[in-house]
Amino acid sequence: MGTQGEDRPQPLRLGSVAPNFQAETTNGPIDFHEFIGDNWVVLFSHPEDYTPVCTTELGAFAKLEPEFTKRGVKLIGLSANTIDSHGGWIKDIDEISGSKLRFPIIGDKQRQVAYLYDMLDHQDTTNVDQKGIAFTIRSVFVIDPKKTIRLIMSYPASTGRNTAEVLRVVDSLQTGDKNKVTTPINWVPGDDVIVHPSVKTEQAKEQYPHLRIVKPYLRFTPLPKEQTSAAV
């Protein structure tokens, strides 16, 4: 079923440098690191063109793209098909969703990028094409301007993602980088945040006048939405 497990690259980890590659996309050829530039990037893969779950996902990302753009984030998709196939599919996506899909979609029929980023299903033997070659799963990589991988999420082919969750994570990462805070469970911009453990309590009291200490290791502070990356 395609390349054997021992031939596949080591899985990427949070903090890894995103591997560079050259590829054809629906917006022309790219060098991935040049594409990232000084931006954040969300790279996400799809099993196949003209499939129902993928069609709903691409439409949702297209609708939400302006919110990512405001935050300095580029979107780029990947599907294990040709660029010509992508072009026809995009017309369907726009028609069904009422969106205007602008971000590039990588043509990865030979699975070169999919193998590089380990976007393959190890267990689901039904997730293959007519030749028995593995399709990509639904992988999400959030990459920062330093080309560092900050988030990895993997979904099975049968389950569509939540685009609002991807945007929420971007807000958490960008807000945390700027304010030396972390975000608790179910956080959305405007909720209280957690002061980073590296900030000493005395310093935190000075820096955050409304500091709320629940435990010595659990210290909350309000952070208005206007001070988060969602304030765009």
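Residues are numbered from 1 along each chain as its sequence is written, and side-chain values use heavy atoms, with hydrogens and water left out. Because the model is predicted, local features need pLDDT of at least 70 and side-chain atom pairs count only at pLDDT 80 or more, whereas totals for chains, interfaces and linings use all residues.

Helices (H or I, at least four residues) and strands (E, at least two) are DSSP runs, numbered from the N terminus. Two strands pair if DSSP finds at least two bridges between them. Buried denotes under 20% relative accessible area, exposed over 50%, and partly exposed the range in between (1.4 Å probe, protein chains only).

Strand S3 spans residues 40-46. Seven of its seven residues are buried. Both faces are covered. Trp40, Val42, Phe44 and His46 lie on one side, and Val41, Leu43 and Ser45 on the other. S3 pairs with strand S4 (residues 73-79) in the parallel sense, over seven bridges. Within this pairing, Leu43 has Ile76 of S4 as its bridge partner. S3 also runs antiparallel to S6, joined by four bridges. Here Val41 stands opposite Ile143 in S6.

A further sheet is open and has four strands in the order S8-S9-S11-S10, with antiparallel pairing. Strands S8 (181-182) and S10 (212-215) stand at its edges, each with a single partner strand, so one side of each lacks a neighbour in the sheet. Two bridges pair S8 with strand S9 (residues 193-195) in the antiparallel sense. Val181 stands opposite Val195 in S9. S10 pairs with strand S11 (residues 218-221), also in the antiparallel sense, over three bridges. Arg219 in S11 is the bridge partner of Ile213. A hairpin of two residues joins S10 to S11.

Helix H2 covers residues 52-70. Its 19 residues reach 29 Å from first C-alpha to last, close to the 27 Å expected at 1.5 Å a residue. The expected span is 1.5 Å times one less than the number of residues. A kink of about 50 degrees lies at Leu64, shortly before the proline Pro66. The bend at a residue is the angle between axes fitted to the seven residues ending there and the seven starting there. Buried positions in H2 include Thr55, Glu57, Leu58, Phe61, Leu64 and Phe68. Cys54 also lies in H2. Its relative accessibility is 0%, so Cys54 counts as buried. An unreviewed UniProt entry lists Cys54 under "active site". UniProt positions follow the numbering used here, feature names are shortened, and annotations may be inferred rather than shown by experiment. Just after H2, Gly72 takes a positive phi of about 75 degrees.

Helix H5 (residues 163-179) has 17 residues and reaches 24 Å between its first and last C-alpha, close to the expected 24 Å. H5 is mostly covered, with twelve of its 17 residues buried. Among them are Val166, Leu167, Val169, Val170 and Leu173. Lys180 lies in the loop between H5 and S8. Its phi is near 55 degrees, a positive value in a residue other than glycine. Asp118 likewise has a positive phi near 55 degrees. Asp118 is in the loop between helix H4 (112-116) and strand S6 (138-143). Asp118 is partly exposed, with a relative accessible area of 23%.

Rings of Phe, Tyr and Trp (its six-membered ring) pair if their centres lie within 6.5 Å; planes under 30 degrees apart count as stacked, over 60 as edge-to-face and the rest as tilted. The whole structure holds eight aromatic pairs. Phe21 and Phe32 have ring centres 4.6 Å apart and planes at 15 degrees, so this pair is stacked. Phe21 sits in the segment before strand S1 (22-23), and Phe32 in helix H1 (residues 32-36), eleven residues apart. Phe21 and Phe32 are buried. For Phe44 and Phe103, the centres are 5.6 Å apart and the planes at 65 degrees, so the pair is edge-to-face. Phe44 is in S3 and Phe103 in the loop between helix H3 (83-97) and strand S5 (105-107), so the pair ties together parts 59 residues apart in sequence. Both Phe44 and Phe103 are buried.

Ring pairs link Phe21, Phe32, Phe35, Tyr117 and Phe141 into a cluster. Lys74 lies over the face of Phe35, 4.5 Å from the ring centre. A charge sits over a ring if NZ of Lys or CZ of Arg is within 6 Å of the ring centre and within 35 degrees of the ring normal.
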